[in-house]
Amino acid sequence: PSPPPLPLALPIRDPQESSPHSRPTAPRPTFQLGAQCRVVYCTPHLAAMLGRPAGEVIGCDWVSEFVPADRASTREDFARTMRAELELPHNENQIVTAGGELRLMSWSTIIRHEADGTAVGAISLGEDVTVRRQTEQRVSHLAYHDDLTGLPNRMSFAEHLATTLADAERAEAQIAVLFCDIDAFKLVNDS
């Protein structure tokens, strides 16, 4: 005999509750969607992140209310996931808070199924990766630009020159490089 089907809205433990298998962790934004992309449950942490009481979040269409860009694509991906045509166990997308702030979230998602295999919703556990991605972009930018001026640095010049030389060679074209040196510029740069 197969186990009884799970209820549509699973109670998700509050991270503050203790259990013999729990360990102290930071609260994670978690929510459960029904098959029609409506929020069935959300943790207090997610509600706070969204800037709304949990009671206002429950029942909302997730894509219409909280996904700021590319809504049609997000909705289609969810529908395809419910039809088992697409697997998205891990993905990143932006959410928008009640105050209009965009947050980049990394989601781990499992699909809920009835005993007959019919998909009835999804449970997603998230992590706000906004600051991490901004830091990564800043480090990447600094690798090719001067921190003080924001202008391209030597590494950027060397890569652009190599690309331009390769393009010119393929096209059997010529290029020119102009080098300017300003006397005593180090004094200006160091002050």
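This is a predicted model: local features need pLDDT of at least 70, side-chain atom pairs count only at pLDDT 80 or more; totals for chains, interfaces and linings use all residues.
Visitor: What pattern does the protein chain follow along the sequence?
Guide: Helices (H or I, at least four residues) and strands (E, at least two) are DSSP runs, numbered from the N terminus. On that basis the protein chain has 7 helices and 5 strands. Read along the sequence, their pattern is β-β-α-α-α-α-β-β-β-α-α-α.

Visitor: What percentage of the residues in the protein chain is buried?
Guide: A residue is buried under 20% relative accessible area, exposed over 50% and partly exposed in between, with a 1.4 Å probe and protein chains only. The protein chain has 191 residues, and the buried part of them is 23%.

Visitor: Where does Arg 52 lie, and with which residues is Arg 52 in contact?
Guide: Arg 52 belongs to the loop between helix 1 (44–50) and helix 2 (54–57), and its relative accessibility of 22% makes it partly exposed. Thr 97 is 45 residues from Arg 52 in sequence, yet their C-alpha atoms are 8.3 Å apart. With contact meaning heavy atoms within 4.5 Å, and with neighbours within four places in sequence left aside, the partners of Arg 52 are Ala 47, Val 57, Cys 60, Glu 65, Phe 66 and Ala 98.

Visitor: How many residues apart in sequence are the parts that Glu 65 and Arg 52 tie together?
Guide: A salt bridge is a side-chain nitrogen of Lys or Arg within 4 Å of a carboxyl oxygen of Asp or Glu, and Glu 65 forms one with Arg 52, their closest N and O atoms being 3.2 Å apart. Glu 65 lies in helix 3 (residues 62–66) and Arg 52 in the loop between helix 1 and helix 2, so the parts that the pair ties together are separated in sequence by 13 residues.

Visitor: How far along helix 6 are Asp 167 and Arg 170 separated?
Guide: The side chains of Asp 167 and Arg 170 meet in a salt bridge of 2.4 Å, N to O. Asp 167 is partly exposed at 37% relative accessible area, whereas Arg 170 is exposed at 63%. Because the two are 3 residues apart in helix 6, their separation is about one helical turn.

Visitor: Which side chain does Thr 109 join in a polar contact?
Guide: A polar contact is a pair of N or O atoms within 3.5 Å; within protein, one must be able to donate a hydrogen and the other to accept it, and residues adjacent in sequence count only if both atoms are side-chain atoms. Thr 109 is in strand 4 (residues 102–113), and among the residues it touches, not counting those up to four places away in sequence, are Leu 88 and Pro 89. The polar contact, at 2.7 Å, joins its side chain to that of Ser 124.

Visitor: What is the phi of Cys 37?
Guide: Most residues other than glycine have a negative phi. Cys 37 is found in the loop between strand 1 (30–34) and strand 2 (39–42), and it is buried, with a relative accessible area of 3%. Although it is not a glycine, Cys 37 has a positive phi, of about 75°.

Visitor: How many disulfides does a search of the whole structure find?
Guide: A disulfide is taken as a pair of cysteine sulfur atoms within 2.5 Å. Cys 37 is buried at 3% relative accessible area and Cys 180 is exposed at 61%. Over the whole structure, the number of disulfides found is 0.

Notes. Residues are numbered from 1 along each chain as its sequence is written. Side-chain values use heavy atoms; hydrogens and water are left out.
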